[in-house]
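Please keep the sequence and the coordinates at hand while reading.

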Amino acid sequence: MEYLHKFTGQIRTRLFAIIILDNFIFLADWFLTDKVMHLNGYMLLAAIVVVPVLTLTLLPWLSTRYLAQPTKLIAEAILHIAPDAPNPVPAPNPNSAHFGKELVANLVHDVYQLATIADQATKAKAADSELQANFIIGNLPLPLLLLDAKQTIVYANEAAAKYLNLLPADMTGKEVYAIMDMSFPSEQTFDTWLSDVREHNATATNAWERVRLNPTDTRPRQLFDLAAYYNKDNSNNIETILVLFDHTKAYSQDDQAISFIALSVHELRTPLTLLRGYIEAFEDEFAGKLSPEMNDFMFKMSATAQQLTAFVNNILNVARVDDDQLVLELHEEQWGEVVRSAANNLALRAKVRGITLEYSIAPNLPTVGVDRVSIMEVINNLVDNAIKYSGKATRIRIAAALNSEGLVETTVQDFGVGIPANIIPNLFTKFYRDHHNRAQIGGTGLGLYLSRAIITAHGGNIWVKSKVGEGSIFGFTLQPYAKLADEVKNSDNKEIVRGAHGWIKNHSLYRR
Amino acid sequence: MPDDQTASTRSASVLCIEDEHFISELYARALTKAGYTVTVELDGQKGLELAQTDQFDIILLDLMIPTMTGIEVLKQLRDADATPHLHSKIIITTNLEQRDEVRADIEKQADGYLVKAEITPRELVEFLSHLDA
């Protein structure tokens, strides 16, 4: 359009120039004839005076006759072909104009010709810039994906195809989740963000760090930062643009650190087991024979050894989660019994801190399908956290009941310091701990990360509600065994009954 | 049934092939207290020879042992040519994570599997009490 305006201006200038020149040529012609040349000075003076006067008086007439009408005609012609004319103007007919027919006809012809050229130029320019954009996007070293409103991939560039180890043709038309199995480090995932902005925004951008791409094949896991741009009314059916910034190398250093720690911590397991074994032997030998104080010491020794064991197990399990080596063996269990048994191990630790564990386990809960060792670690972590963050509170409430969705929901509630709202979204992130409490409260920051991984692997959800000064409730859901039963088809293991810390191959049920 | 008799009186015999002295000491103590007769052997080769005499009801077999790995001992004991008619139950005791193929071998050939770091002597006794004699 800009182009068209410019050339309308040019034509107008041309038109004026032609008309004025035409007039002067006519006058000059008259003056310069032999007849005029023979006039005397008075006549010449008169002519010089008369011409401007004549010109001045004639100008309105001239302008109407030679300027206004043809210009109007040309303006109409331009408006007619203008792409954004407010109301299409009927095509002008230069031949019906009374004056300067040829001139106007020529000019209108010019307009059409120029417009045609301009149109072609614009098209060529557009095609050119499209080509250029394709070239830039195509050769952009960053993986880039364009998604439509159904999160289907409309376009993926070369870098994206390479990063995901697919062919671009295999990607377009597929749902993005089918191609990219992403794990986000916090509660806000791409999906939750998208459904949120769809409701509230016309455009939005967001970025995530440490997004994990879980490989569908044997390739190593990739870690990247993800940037997303959302535009509700984007043209070409594109709703969201995703750009990936690979940081696999940098981010996996943390994972390597975990692997190294896990390797070292592994060596702690045997001495720890021995320590616990000997403490146990002591307890056997001296049961009832010790003074209350010595009994208390024994008690604390045992609780501490247990805590260290839990810590070691956490580290090792995080390494397993990060390595995709966390193998769950789901079995039918009486949930109330599992909860009590897990919490009993912690009663000791709670007691040392002067905290009582209260239970509220609904009767007639359906059996659940769980991996006993892992799920006990979750309860262990949640209760352990509750103990750590209880402050001066003296009780922790552990409850289990069937929720409205028919899932078994378990909650661990403390009445301690609580968690500030702004850090809640990061709570289940690896290494995340409340920075204010870091100095006072020990821990690896791995417990909740691990718990979430384990609960997710069980097909459940983990959540938290908290208020500073009032305490926190951590909860998680588990599926009843009946719901899981269809999914658990492990025919190879039918003869093997797995217990908490091992298995026995026979038919006597090993359940504790 | 005589089998039930054996199990209930806990007079069964256990061979503990384990090179970690503290572990074998704790296990032996707990098992003896529970009524088992316990023999401890810390060497793989010697452990295999002892096991082949078939005088034990239960064999606790560590995987990381000198002269011969626990997996080799297990294979020899389950090989009908090398060890015919072995009646002992073999329980693997380890702290190692197993590679899948080894894990499959163990699941096929052993009667039980224990992670030492996750079980105390008291729990070992309880675990063994669930074994069919």
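In this predicted model, A:Arg212 stands opposite A:Leu223, a residue of strand S5 of chain A. The two strands concerned are S4(A), residues 203–213, and S5(A), residues 222–231, which pair in the antiparallel sense over nine bridges. Both belong to an open sheet of six strands in chain A, whose order is S2-S1-S6-S5-S4-S3 and whose pairing is antiparallel. Its edges are formed by strand S2 (153–156) and strand S3 (182–183) of chain A, each of which pairs on one side only. A helix accompanies this sheet: H8(A), residues 190–200, lies across S3, S4, S5 and S6 (240–246) of chain A. The direction of H8(A) runs at about 10° to that of S5(A).

Chain A also holds an open sheet of five strands, with the order S8-S10-S11-S13-S12 and with mixed pairing. Strand S8 (356–361) and strand S12 (462–467) of chain A stand at the edges; each has a single partner strand, so one side of each is left without a neighbour in the sheet. On average, and with direction ignored, neighbouring strands of this sheet are turned by 15° against each other. Within the sheet, strand S11(A), residues 408–414, runs antiparallel to strand S13(A), residues 471–478, and six bridges join the two.

Two packed helices are described by the angle between their axes and the distance between the axes. For H10(A), residues 292–322, and H11(A), residues 335–352, the angle is about 120° and the axes are 9 Å apart. The two helices are therefore oblique to each other, and H10(A) passes H11(A) in a left-handed crossing. From H10(A), the contact draws on A:Phe299, A:Lys300, A:Ser302, A:Ala303, A:Gln306 and A:Gln307, which meet A:Asn345, A:Leu348, A:Arg349 and A:Val352 of H11(A).

The description now turns to chain B. Strands of a sheet pair through backbone hydrogen bonds, either parallel or antiparallel. Strands S1(B), residues 13–17, and S2(B), residues 37–41, run parallel and are joined by five bridges. B:Cys16 has B:Val40 as its bridge partner in S2(B). Together with helix H2(B), residues 21–33, these strands make a right-handed β-α-β unit.

Helix H3(B), residues 44–52, packs with helix H4(B), residues 70–78, at an angle of about 25°, and their axes are 10 Å apart. An angle under 35 degrees counts as roughly parallel, and H3(B) and H4(B) are therefore roughly parallel to each other. Their crossing, in which H3(B) passes H4(B), is right-handed. B:Gly44, B:Gly47, B:Leu48 and B:Ala51 of H3(B) meet B:Gly70, B:Val73, B:Gln76 and B:Leu77 of H4(B). The residues of this contact divide into four nonpolar, four polar and no charged.

Methods. Residues numbered from 1 in each chain as written. Chains lettered and ligands numbered in written order. Predicted model: local features only at pLDDT ≥ 70, side-chain atom pairs only at ≥ 80, totals over all residues. Axes fitted to C-alpha atoms, helices over the stretch in contact; angles between N-to-C directions. Helix = DSSP H or I, 4+ residues; strand = E, 2+ residues; numbered from the N terminus. Parallel < 35°, antiparallel > 145°, perpendicular 65-115°, else oblique. Left-handed = near helix turned anticlockwise from the far one by under 90°. Contact = placed C-beta atoms within 7 Å. Pairing = 2+ DSSP bridges. Right-handed = clockwise from strand over helix to strand, strands pointing away. Nonpolar A, V, L, I, M, F, W, Y, C, P; charged D, E, K, R; others polar.
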